[in-house]
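Please look over the sequence and the model below. A short report on the fold and its contacts follows.

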Amino acid sequence: GEGDVAKGEKVFRKCKACHAVGDDAKNRVGPMLNGIVGRQIAEVEEFSYSDALKDMGAEGKVWDAAELAAFLEKPRDYAKGTKMSFAGLRKEDDRADVIAYLATFSE
Ligand code: HEM
């Protein structure tokens, strides 16, 4: 369903150790996430992705809301071999909210 942007900003605190968004966002442990909603998987040129994500990107897969929700629920199940060391967001609302927040950097 529709996510809540303000709640999603709070959920994103869990991501901030590794990801940046907004003006001057840089790659950190993880790639910068500006434009992620609708972006092809593993598209940031200067970032060194796992083969798991590179292969998905090479197949032309795109991060739409459904793919993001599946990845964020259990990253290591969705993308076997991913180097995103994050257990996942167990709550469906948290996933929808953080995706709504990320979409504000994807316009
Ligand atoms: C990759 C989102 C938490 C490290 C990604 C990607 C997304 C994402 C969408 C794919 C990017 C792309 O294809 O360009 C998130 C969100 C998080 C989160 C929304 C919080 C809910 C974290 C944390 C870490 C991390 C806490 C570090 C401990 C990484 C790394 C990758 C990645 C290393 C690249 C994975 C690979 O190449 O297999 N993240 N992430 N992320 N993230 Fe996260």
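Is Lys 61 buried, exposed or partly exposed? Lys 61 is partly exposed, with a relative accessible area of 29%. Buried means under 20% relative accessible area, exposed means over 50%, and partly exposed lies in between (1.4 Å probe, protein chains only).

This is a predicted model: local features need pLDDT of at least 70, side-chain atom pairs count only at pLDDT 80 or more, and totals for chains, interfaces and linings use all residues. Residues are numbered from 1 along each chain as its sequence is written, and side-chain values use heavy atoms, with hydrogens and water left out.

## Salt bridges

Side chains of opposite charge can pair when their charged atoms come close. Here a salt bridge is a side-chain nitrogen of Lys or Arg within 4 Å of a carboxyl oxygen of Asp or Glu. The search of the whole structure finds three.

| Salt bridge | N to O distance |
|---|---|
| Lys 54 and Asp 51 | 3.7 Å |
| Lys 61 and Glu 67 | 3.6 Å |
| Arg 95 and Glu 73 | 3.8 Å |

Glu 73 and Arg 95 meet in a salt bridge. This pair links distant parts of the chain: Glu 73 sits in helix α3 (residues 65-73), Arg 95 in helix α5 (residues 92-103), and they are 22 residues apart. Helices are DSSP runs (H or I, at least four residues), numbered from the N terminus. Glu 73 is partly exposed, at 38% relative accessible area. Arg 95 is buried, at 9%.

Lys 54 and Asp 51 pair within one helix. They are three residues apart in helix α2 (residues 51-58), so about one helical turn separates them. An α-helix has 3.6 residues a turn, so residues three or four places apart point the same way. Lys 54 is partly exposed, with a relative accessible area of 42%. Asp 51 is exposed, at 54%.

## Helix α2 and its surroundings

Which residues of α2 are buried? They are Ala 52, Leu 53, Met 56 and Gly 57. Seen down the axis of α2, these buried residues fall within an arc of 130°, so they line one face of the helix. The arc is that of the directions from the helix axis to the C-beta atoms. On the other side of α2, Asp 51 and Ala 58 are exposed. The buried residues of α2 pack against α4. Contact here means heavy atoms within 4.5 Å.

Ser 50 belongs to the loop between α1 and α2. Ser 50 is buried, with a relative accessible area of 10%. Leaving aside neighbours within four places in sequence, Ser 50 is in contact with Gly 81, Thr 82 and Lys 83. Just after α2, Gly 60 takes a positive phi of about 90°.

## The iron site

Which protein atoms are donors of the iron atom of the ligand? They are NE2 of His 19 and SD of Met 84, lying 2.0 to 2.1 Å from the iron. This pair, too, links distant parts of the chain. His 19 is in the loop between α1 (5-11) and α2, Met 84 is in the loop between α4 (75-78) and α5, and they are 65 residues apart. Donors are N, O and S atoms within 2.8 Å of the metal (3.2 Å for Na, K and Ca); water is not among the atoms, so sites may look incomplete.

The iron site is octahedral, with angles of 85 to 178° among its six donor atoms. Six donors count as octahedral if opposite donors are over 155 degrees apart and all others between 65 and 115. His 19 is buried, with a relative accessible area of 12%.

## The nonpolar core

A nonpolar core is a set of buried Ala, Val, Leu, Ile, Met, Phe, Trp, Tyr and Cys residues joined through side-chain atoms within 4.5 Å. The largest one has 26 residues. Phe 12, Trp 63 and Val 98 have the most contacts inside it. Helices α2, α3 and α5 each supply at least two residues of this core. The largest share, four residues, comes from α5.

What does Val 98 touch, not counting residues up to four places away in sequence? Val 98 touches Gly 8, Val 11, Phe 12, Cys 15, Leu 72 and Leu 89.

## Positive phi in a loop

Asp 24 has a positive phi of about 65° although it is not a glycine. Asp 24 lies in the loop between α1 and α2, and is exposed at 68% relative accessible area. Ala 42 is found in the loop between α1 and α2. Ala 42 has a positive phi near 60°, and is partly exposed at 21%.

How values were computed
Four donors count as tetrahedral if all angles lie between 85 and 135 degrees; four count as square planar and six as octahedral if opposite donors are over 155 degrees apart and all others between 65 and 115; anything else is irregular.
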